[in-house]
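Open the model in your viewer and keep the selection tool at hand. This tour goes from the whole chain to single side chains.

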Amino acid sequence: MDGTLLLLDVDGVLNPSRRSSPRFRRFDCVAEGEWFRLLLDPRHGAKLTALRRETGATLAWATTWGERANEEIGPRIGLPPLPVIPIDGDPPRPPGVNLKTWHVAEYVRGRPFVWFDDDLGPADLEFLRGHPGVGEFLVVAVDPRDGLGDAHLDAARRWLTARRPQAAW
């Protein structure tokens, strides 16, 4: 196993801005004294677990929710506690680069990764390509209105499967 990662954002990915399907269920939670409305599809956990199992990649949270993702999101969609990329502080970074991008680049340490996110742009991709600790990656852009869908999971599966060495005959 090469340590490949599947990185998950929450808001806009697992928690879209609108109920795009009747499968999304509404949950309310309070975190650090603030009330949040969540729209979560309970099937996402099984689908992400299947993707992990099929590809051998490790799921991890890449979200400002931090450990709260393990408390509030994972249990509601059927995911076990996952590693969390610490997103704290405000490191210097080029204009237009998302705060999470710097932290992801530091975390991956050359490991290949797929990142499901709704808020990354050209500056983020350029930053990742030029960062010395970043190797192969695929950013799967998710529309924050609809959230994670089967097409996103299929794109990740294709990329991860294409990376695997084929058996010699």
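Show the surface first. The accessible surface of the protein chain comes to about 8,700 Å², and 53% of it belongs to carbon and sulfur atoms. Accessible areas come from the Shrake-Rupley method with a 1.4 Å probe, and for residues only the protein chains shown count as cover. The model is predicted: local features need pLDDT of at least 70 and side-chain atom pairs pLDDT 80 or more, while totals for chains, interfaces and linings use all residues. Residues are numbered from 1 along each chain as its sequence is written, and side-chain values use heavy atoms, leaving out hydrogens and water.

**Whole chain**

Switch to cartoon. The protein chain has five helices and six strands. These are DSSP runs numbered from the N terminus: helices (H or I) have at least four residues, strands (E) at least two. Trace the elements from the N terminus: β-β-β-α-β-α-α-β-α-β-α. The radius of gyration is 16 Å, close to the 15 Å of the globule rule for 169 residues, so the chain is as compact as a globular protein of that length. That radius is taken over C-alpha atoms, and the rule is 2.2 Å times the number of residues to the power 0.38. Along its principal axes, the C-alpha trace spans about 50 × 45 × 25 Å.

Colour by burial next. Of the 169 residues, 47% are buried. Buried means under 20% relative accessible area, exposed means over 50%, and partly exposed is in between (1.4 Å probe, protein chains only). Now consider contacts, meaning heavy atoms within 4.5 Å. Among contacts with a separation of 6 or more, 62% are between residues 24 or more positions apart.

**Helix H2**

Select residues 68-77, which are helix H2. Seven of the ten residues in H2 are buried. They are Arg68, Ala69, Asn70, Glu72, Ile73, Gly74 and Ile77. What do the buried residues of H2 pack against? Show strand E2 (25-31), E3, helix H1 (43-55) and E4 to see the partners.

The charged end of Arg68 sits over the ring of Trp65, 5.0 Å from its centre. The criterion is NZ of Lys or CZ of Arg within 6 Å of the ring centre and within 35 degrees of the ring normal.

**Aromatic pairs**

The structure holds two aromatic pairs. Rings of Phe, Tyr and Trp (its six-membered ring) pair if their centres lie within 6.5 Å; planes under 30 degrees apart are stacked, over 60 edge-to-face, the rest tilted.

Select Phe36 and Trp65. This pair is tilted, at 5.1 Å centre to centre with 50° between the planes. Phe36 is in strand E3 (residues 34-40), and Trp65 is in the loop between strand E4 (58-61) and H2, 29 residues apart. Trp65 is buried at 3% relative accessible area. Phe36 is partly exposed at 21%.

Go on to Phe113 and Phe137. These rings are stacked: 5.4 Å centre to centre, 10° between the planes. Phe113 is in strand E5 (residues 113-117) and Phe137 in strand E6 (residues 137-141), so the pair ties together parts 24 residues apart in sequence. Phe113 and Phe137 are buried.

**Helix H3 and its ends**

Select residues 99-108 for helix H3. Seven of the ten residues in H3 are buried: Lys100, Thr101, His103, Val104, Ala105, Tyr107 and Val108. Those residues pack against strand E1 (5-8), E5 and helix H4 (122-130).

What caps the N-terminal end of H3? Zoom in on Asn98: a side-chain oxygen lies 2.7 Å from the backbone nitrogen of Lys100. Asn98 is in the loop between H2 and H3 and is buried at 14% relative accessibility. A polar contact of 3.3 Å joins the side chains of Asn98 and Asp119. Such a contact is a pair of N or O atoms within 3.5 Å; within protein, one must be able to donate a hydrogen and the other to accept it, and residues adjacent in sequence count only if both atoms are side-chain atoms. Leaving aside neighbours within four places in sequence, Asn98 touches Arg93, Asp119, Leu120 and Asp124.

Move to the other end. Arg109 follows H3, in the loop between H3 and E5. Most residues other than glycine have a negative phi. Arg109 has a positive phi of about 45° although it is not a glycine. Arg109 is exposed, at 63% relative accessible area.

Finish with Arg111. Its charged end sits over the ring of Tyr107, 5.1 Å from the ring centre. Tyr107 is one of the buried residues of H3.
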